[in-house]
Amino acid sequence: MALPTLIEDKEKTWIFKVITQTPEPELNACLMGFFLGSGMTTLEICRIQVQDIVKKNGQLAKSFAVKGDVSRDFYLSNIKLQNLIKSYVEKRPKDGDHPDQYSGFSPDEPFFKRRNGDHFKIKRRTTDRGNTSYHCNALNNHIKRLLADSGIEQPSILSGRRTFAVRLKRYGVDVPTIHLMLGNKSLETTLRLIETDTASMLAIADMAF
């Protein structure tokens, strides 16, 4: 099975330029910031609530617990991501009964909400064997469309996680930490994402002769 497309810095810059021309640029830029810069799955991103990001006094939270299969915290310490969040919060439709709390949002509402008030819904599937799984096809399709419109070939909802993991590896972050931040159950899944790094392969090729 082919690895998801790795998005390099030049491509990332272009994606955010293209996003400025979309109907909801602040929402799309914030979504893409989490997609490329958090290591979360799209389902985990879809599960983010207002109270995870915004405190009662309207300030940004410092961290929140990721709602995934593996327990871990995500820290909102990156300045670029903070700025994307602040820009989106200014445009996000109000939805609550808290005029003086949570910037006027309902704390339990999905953080990512479209201009018309709709959010990216999570759907449950039950197999014939009785197993239950959850999916967010609306968000998956939305992100893949943003990537495709930016010229990313074979856009994948796993491209964000692979890009995040490879970037950390290039900066010298150890594999156990990357594995923890991705929230993978299997170490093999993490290794698969980071072991085939295009930049590393190019460096090896340069040294080979």
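**Notebook: aromatic cluster, helix packing and loops**

I began with the aromatic rings: Phe34, Phe64, Phe74, Tyr88, Phe111 and Phe112 form one aromatic cluster. This is a predicted model, in which local features need pLDDT of at least 70 and side-chain atom pairs count only at pLDDT 80 or more, while totals for chains, interfaces and linings use all residues. Residues are numbered from 1 along each chain as its sequence is written, and side-chain values use heavy atoms, with hydrogens and water left out.

**Entry 1. Aromatic pairs**

I looked up how many aromatic pairs the structure holds, and the number is six. Rings of Phe, Tyr and Trp (its six-membered ring) pair if their centres lie within 6.5 Å; planes under 30 degrees apart count as stacked, over 60 as edge-to-face and the rest as tilted.

I examined phenylalanine 34 and phenylalanine 74. Their ring centres are 6.1 Å apart and their planes stand at 50°, so this pair is tilted. Phenylalanine 34 belongs to helix H2 (residues 25-37) and phenylalanine 74 to strand S2 (residues 73-75), so I noted a link between distant parts of the chain, 40 residues apart. For these names, helices (H or I, at least four residues) and strands (E, at least two) are DSSP runs, numbered from the N terminus. Both phenylalanine 34 and phenylalanine 74 are buried. Buried means under 20% relative accessible area, exposed over 50%, and partly exposed in between (1.4 Å probe, protein chains only).

I then turned to tyrosine 88 and phenylalanine 111, an edge-to-face pair with 5.2 Å from centre to centre and 85° between the planes. This pair also links distant parts of the chain, 23 residues apart: tyrosine 88 is in helix H5 (residues 79-91), and phenylalanine 111 is in the loop between H5 and strand S3 (123-126). Tyrosine 88 counts as buried because its relative accessibility is 2%. Phenylalanine 111, at 0% relative accessibility, counts as buried.

I recorded one charge over a ring as well. The charged end of arginine 92 sits over the ring of phenylalanine 105, 4.7 Å from the ring centre. The criterion is that NZ of Lys or CZ of Arg is within 6 Å of the ring centre and within 35 degrees of the ring normal.

**Entry 2. Helix packing**

At what angle do H2 and H7 pack? The angle is about 55°, and the axes are 6 Å apart. Axes are lines fitted to C-alpha atoms, for helices over the stretch in contact, and angles run from 0 to 180 degrees between N-to-C directions. H2 and H7 are therefore oblique to each other. Angles under 35 degrees count as roughly parallel, over 145 as roughly antiparallel, 65 to 115 as roughly perpendicular and the rest as oblique. Phe35, Leu36 and Gly37 of H2 make the contact with Ser159, Gly160, Arg161, Thr163 and Phe164 of H7. Contact means heavy atoms within 4.5 Å.

I also looked up H7 and H9, which pack at about 75° with their axes 8 Å apart. That angle makes H7 roughly perpendicular to H9. The residues in contact are Arg162, Ala165, Val166 and Lys169 of H7 and Leu193, Ile194 and Glu195 of H9. Glutamate 195 is exposed, with a relative accessible area of 54%.

**Entry 3. Helix H8**

Which residues of helix H8 (residues 175-182) are buried? I found Ile178, His179 and Leu182. They cover an arc of only 100° around the axis, which puts them on the same side of H8; the arc is that of the directions from the helix axis to the C-beta atoms. In general, an α-helix has 3.6 residues a turn, so residues three or four places apart point the same way. The buried residues of H8 pack against helix H7 (159-170) and helix H9 (187-195).

**Entry 4. Loop residues**

I noted two residues other than glycine with a positive phi. Tyrosine 102 has a value of about 55° although it is not a glycine, and tyrosine 102 lies in the loop between H5 and S3. At 9% relative accessibility, tyrosine 102 counts as buried. Glutamine 154 has a positive phi of about 50° and is placed in the loop between helix H6 (137-149) and H7. Glutamine 154 is exposed, with a relative accessible area of 69%.

Last, I looked up aspartate 108, in the loop between H5 and S3. Aspartate 108 counts as exposed at 54% relative accessibility. Aspartate 108 touches Gln49 and Gln51, not counting residues up to four places away in sequence.
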